[in-house]
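Hello,

Here is the structure I promised to pass on to you. Have a look at it first, and then read my notes below.

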Amino acid sequence: MRIMAIDYGDARIGLAVSDMLGMLCGEAWTMEEWNMERASKRIAEEAKKREVGTLVLGLPKNMDGSEGPRAEKSREFKEMLTNDSGLPVILWDERRSSIEAHAILHAVGKKEKSHRKSVDAVAASLILEGYLGSL
């Protein structure tokens with residue numbers, strides 16, 4: 001069964017899907033969508049097309065573990081995803097995923113200006129990697 005990780009943002013959403021065994025990240029990409037309802041429906045379609053059985057949604061927490069407005073937005077998005085996809089949606093602590101994604105892109109020589117195009121996909125890959133590692 002494939003697992004899809006989601007790094008939800010207001011304008012761009014990072015997506016990463018595991019291989020069929022649920023062991024490795026198989027593909028990652030970025031979706032541009034500003035409307036939460038449309039984003040949820042598009043992700044549900046992508047999950048169905050790729051035979052995904054579980055969604056893992058990044059839950060942005062503050063460094064002290066508390067939750068702010070972004071976490072509340074992710075919880076709201078989780079409900080939409082659950083309804084639109086019919087799949088279980090697991091919230092996953094994504095603290096530092098974007099920071100680590102920027103560091104990875106910098107380490108491989110990507111210029112800071114080009115990070116915006118791929119940082120969300122890398123962050124989704126890190127969320128997926130963390131979740132797969134916990135299984």
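**What I found**

Buried residues make up 43% of the 135 residues in this protein. Please keep in mind that the model is predicted.

Let's start with the overall layout. The protein has four helices and five strands, and along the sequence they follow the pattern β-β-β-α-β-α-β-α-α. Among contacts with a separation of 6 or more, 60% are between residues 24 or more positions apart. The protein exposes about 7400 Å², and carbon and sulfur atoms supply 53% of that area.

Now for the inside. In soluble globular proteins, nonpolar side chains tend to be buried together. Here the largest nonpolar core has 20 residues, and M4, I6, I43, L55 and F77 touch the most other members. The elements giving two or more residues to this core are β1 (2-7), β2 (12-18), β3 (25-32), α1, β4 and α2 (69-85). Helix α1 gives the most, with four residues. Another core of nine residues lies apart from the largest one, and its members include I3, V56, Y131 and L132.

Strand β4 is also where you will find G53. Is G53 buried or exposed? G53 counts as buried because its relative accessible area is 16%, and the cut-off for buried is under 20%. Leaving aside neighbours within four places in sequence, G53 is in contact with M1, R2, L87 and P88. G53 and R2 are 51 residues apart in sequence, yet their C-alpha atoms are 5.8 Å apart in space.

L21, M23 and L24 form a nonpolar patch on the surface, with about 370 Å² of accessible area together. One of them, L24, lies in the loop between β2 and β3 and counts as exposed at 55% relative accessibility.

Next, the charged side chains. The count of salt bridges comes to eight. One of them joins the side chains of D10 and R70, at 2.9 Å from N to O. D10 lies in the loop between β1 and β2 and R70 in helix α2, so this pair ties together parts that are 60 residues apart in sequence. D10 is partly exposed at 42% relative accessibility, and R70 is partly exposed at 32%.

A second salt bridge pairs R42 with E33, at 3.2 Å from N to O. R42 is partly exposed, with a relative accessibility of 33%, whereas E33 is buried at 8%. E46 is buried at 17%, and R50 is buried at 18%. Salt bridges that share partners join E27, E46, K49 and R50 into one network.

Where does E51 lie? E51 is in the loop between α1 (36-49) and β4 (52-59), and E51 is exposed, with a relative accessible area of 54%. The phi of E51 is near 60 degrees, a positive value in a residue other than glycine. Most residues other than glycine have a negative phi.

Enjoy exploring, and write back with any questions!

Best wishes

Note on methods: Residues are numbered from 1 along each chain as its sequence is written. This is a predicted model: local features need pLDDT of at least 70, side-chain atom pairs count only at pLDDT 80 or more; totals for chains, interfaces and linings use all residues. Side-chain values use heavy atoms; hydrogens and water are left out. Buried means under 20% relative accessible area, exposed over 50%, partly exposed in between (1.4 Å probe, protein chains only). Contact means heavy atoms within 4.5 Å. Accessible areas come from the Shrake-Rupley method with a 1.4 Å probe; for residues, only the protein chains shown count as cover. A nonpolar core is a set of buried Ala, Val, Leu, Ile, Met, Phe, Trp, Tyr and Cys residues joined through side-chain atoms within 4.5 Å. Patches are made of residues with over 30% relative accessible area and no salt bridge: like charges are joined within 9 Å, nonpolar side chains (Val, Leu, Ile, Met, Phe, Trp, Tyr) within 5 Å. A salt bridge is a side-chain nitrogen of Lys or Arg within 4 Å of a carboxyl oxygen of Asp or Glu.
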